[in-house]
Amino acid sequence: MLLPVWWLLRRADAVVVIGAALTAGAAGAGFRRIAAQLGRPPETVRGWLRRFTGRVEAVRRWFTALLREMAVDPVMPAPAGGMWADAVAVIDAAVTAAAARFGVLGVPSWEWVSAASGGRLLAPGWPA
């Protein structure tokens with residue numbers, strides 16, 4: 001079965017919603033506040049944040065490597081103030097590089113992230 005890019009493997013919410021939660025977490029918001037803003041159960045949001053916390057450095061490295069492959073002359077993002085913020089910054093930079101290289105415009109950033117990760121951004125075992 002093929003997974004549409006607007007979903008992540010083993011998640012019932014759209015990747016743009018989960019991405020908004022991860023972005024808010026990178027900005028320092030807590031899971032209860034994020035859950036209230038997104039209209040999702042706090043336990044669900046806490047699960048997303050915990051899963052991302054457990055792999056944030058590996059995700060940052062993976063998207064850094066992808067940024068290097070996508071950009072003709074890659075510019076690495078400056079430190080953004082923590083592991084979470086650094087990971088989200090490099091994800092944004094990789095999305096921007098891919099859009100510039102391939103002319104893919106109008107695709108929501110987090111859907112591109114889902115496609116690049118094969119829908120496995122928060123799935124067990126990714127990144128290897």
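## Helices α3 and α4 in a predicted model

The crossing of α3 and α4 is left-handed, in a model that is predicted.

User: Happy to dig in! What makes the crossing of α3 and α4 left-handed?

Analyst: A crossing takes that name when the near helix is turned anticlockwise from the far one by less than a right angle. Helix α3 (residues 42-70) and helix α4 (residues 83-102) pack at about 35 degrees, with axes 8 Å apart, and their crossing is left-handed. The contact includes Leu-49, Phe-52 and Val-56 of α3, and Val-90, Ile-91 and Ala-94 of α4. By type, the residues of this contact are 17 nonpolar, two polar and five charged.

User: How do you know that α3 is short of the span of a straight helix?

Analyst: Its 29 residues would reach 42 Å at 1.5 Å a residue, yet the end C-alpha atoms of α3 are only 36 Å apart. Helix α3 also has a kink of about 65 degrees, centred on Arg-55. Arg-55 is among the buried residues of α3, as are Trp-48 and Phe-63. The cover over the buried residues of α3 includes α1 (15-26), α2 (31-38), α4 and α5 (109-116).

User: Nice. Why is Met-83 called exposed?

Analyst: Exposed means over 50% relative accessible area; Met-83 has 51%, so Met-83 is exposed.

User: And which residues does Met-83 touch, leaving out those up to four places away in sequence?

Analyst: Met-83, which sits in helix α4, touches Val-56 and Glu-57. Met-83 and Ala-26 are 57 residues apart in sequence, with 8.3 Å between their C-alpha atoms.

Technical notes: Residues numbered from 1 in each chain as written. Predicted model: local features only at pLDDT ≥ 70, side-chain atom pairs only at ≥ 80, totals over all residues. Heavy atoms only, no water. Axes fitted to C-alpha atoms, helices over the stretch in contact; angles between N-to-C directions. Helix = DSSP H or I, 4+ residues; strand = E, 2+ residues; numbered from the N terminus. Contact = heavy atoms within 4.5 Å. Nonpolar A, V, L, I, M, F, W, Y, C, P; charged D, E, K, R; others polar. Expected span 1.5 Å × (residues − 1). Bend = angle between axes of the 7 residues up to and from the residue. Buried < 20%, exposed > 50% of the residue type's maximum accessible area, 1.4 Å probe, protein only.
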